[in-house]
Amino acid sequence: MSDKKTFYLTTPIFYPNASLHLGHAYTTTLSDILVRYHKLMGETTYFLTGSDENTQKLVQAAKVAGQDASVFLDGIITNFRSLFAELDISYDQFIRTSDEELHWPGAIALWKKLVEAGDIYKKGYEGLYCVGHEAFITEKDLVGGKCPDHNSVPEHIKEENYFFKLSRYTQAVKEKIESKELYIVPETREREILSLLNEGLEDVSFSRPKTASSVGIPVPGDESQVMYVWCDALSNYITALGYGRDDTLYKEFWPAQVHVIGKDILRFHAAIWPAMLLSAQIPLPKSILVHGFITSGGKKMSKTLGNIIDPQELLEEYGTDAVRYFLARHITPFEDGDITRESFKEIYNANLANGLGNLVARVMQLAETHLEKGTRPEVVGFPPEYTQALDNFEVNRALDFVFLRIKALDQTITQTEPFKLVQTDPERGTQIIFELTQELYAIGRMLNPFLPQMCEKIKAAVIANKKPETLFPRKE
Ligand code: MSP
């Protein structure tokens, strides 16, 4: 067995009923930065993302589009993958819950564990089901008879379902969270879930009759029922590692170091999922990182409001690293963050075209003119301000620190005026320019998790002693 530290990170699996917007791109980019950082620190990483396909939403969206569900789905998945490629998302696996070979055996094995533990029972049930949420909701959630989040009338359902004894695990889950064995970040979300647990959890419907849901994994031993989509979806975090099928990856990487999720799916991840794992006697993930929502012009980005920003559009205009930069630094992971096309452009021009881009040009112009050849600067460790912020998932703070160094380097040039010094004191002048390239190299290395392409370009420029082409052209 190797003694190398492992780092397994998951994103939520996305509903493939529509293309991904910038909010979804945020979850994934944040995740990618964390994975790249841990890789940089020498850990063995595994990065999982995927799609949540056994859902009525998909069936309905395909119908609206007038397409066969599988044709519609293939189009969307191609779109997901190309967005992730353009964002330089370094995932190791893209799991699809419709995959009967890779996902279903593990989901079925997990269900059987819950049955063995005596935690699954059948019951008649009547309630309101919101397809948008893929969950039962209550009368008091409605506004004017509609689900306010999805602006739709829920279905009134009366049926026989299998239930999971979630109530039985309220106390145990609470203890895991309070002891930080299951660490919920940030604290506001930890308090939110603890207050929910204090109210007590009710058992949850874990299956639907096949007649009501045309998609889904058959319940073992009862072909007339399919698993509830959240029960099926949550299990992806272990089925992707081969749970119930081939446990090589599972042995190496489970428990996950972190599940990255948005604040709307906290209850599923911090209450239902840990309860399922406890029931099946599987170790819990180490932590759950809960981020806020991306808003545009102060309002949640949504199709209904028509304020969606398509990440493809920004990627085409500004490039991969500019989009990653904005999401990493100008959105705070623990709160909601706003973006408009105007704010994006302003920040791009100020911090990338003028800030980083200009600095690289300035330093490398001096180096190319006055240094004889490129050097591979000495590799120093990463500063604690940087590593501590990233260890705490504060990617924006880590990048703030890097940009302080960028600003300081710019000031050093202005103050020491090496372009003049090389005339009067060539030795001292070239020494200063050499030191500038050293610091630029160190900055380039710190940019690795955030701006992988720029990191490589900066390092290569210093080594070759050559001013690169304009990294971030100014936008008018
Ligand atoms: N399929 C479920 C997750 C199952 S995980 C076992 C789901 N899918 S989703 O496509 O609706 O959302 C995926 C992720 O995107 C969630 O973490 C959600 O919070 C996030 N976001 C959706 N809209 C968002 C914003 N406007 N801003 C930031 N994140 C947002 O939920």
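**Notebook: a helix crossing and a ligand site**

I began with two helices: the axes of α1 and helix α12 (residues 320-329) come within 10 Å and cross at roughly 85°. Angles of 65 to 115 degrees count as roughly perpendicular, so that is what I wrote down for α1 and α12. Worth noting at this point: I'm working from a predicted model.

Next I looked up who makes the contact. From α1 I listed Leu22, Ala25, Tyr26, Thr29, Asp32, Ile33 and Arg36, and from α12 I listed Arg324, Leu327 and Ala328. Sorted by class, the contact of α1 with α12 has six nonpolar, one polar and three charged residues.

Then I moved to the ligand. Which residues come nearest to the ligand? I found Ile13, Asp52, Gly262, Asp264 and Ile294, out of 23 residues around the ligand. The shell residues split into twelve nonpolar, nine polar and two charged.

Now some atom pairs. I noted a polar side-chain atom of Asp264 at 2.5 Å from an oxygen atom of the ligand. A backbone N or O atom of Tyr15 sits 3.1 Å from an oxygen atom of the ligand. For Gly23, I found a polar backbone atom 3.3 Å from a nitrogen atom of the ligand.

Last entry: how much of the ligand does the protein bury? I got 95% of the 670 Å² that the ligand exposes when taken alone.

Note on methods:
Residues numbered from 1 in each chain as written. Predicted model: local features only at pLDDT ≥ 70, side-chain atom pairs only at ≥ 80, totals over all residues. Heavy atoms only, no water. Near = heavy atom within 4 Å. Polar contact = N/O pair within 3.5 Å; in protein donor to acceptor, adjacent residues only side chain to side chain. Areas by Shrake-Rupley, 256 points an atom, 1.4 Å probe, with all protein chains shown as cover. Nonpolar A, V, L, I, M, F, W, Y, C, P; charged D, E, K, R; others polar. Axes fitted to C-alpha atoms, helices over the stretch in contact; angles between N-to-C directions. Helix = DSSP H or I, 4+ residues; strand = E, 2+ residues; numbered from the N terminus. Parallel < 35°, antiparallel > 145°, perpendicular 65-115°, else oblique. Contact = heavy atoms within 4.5 Å.
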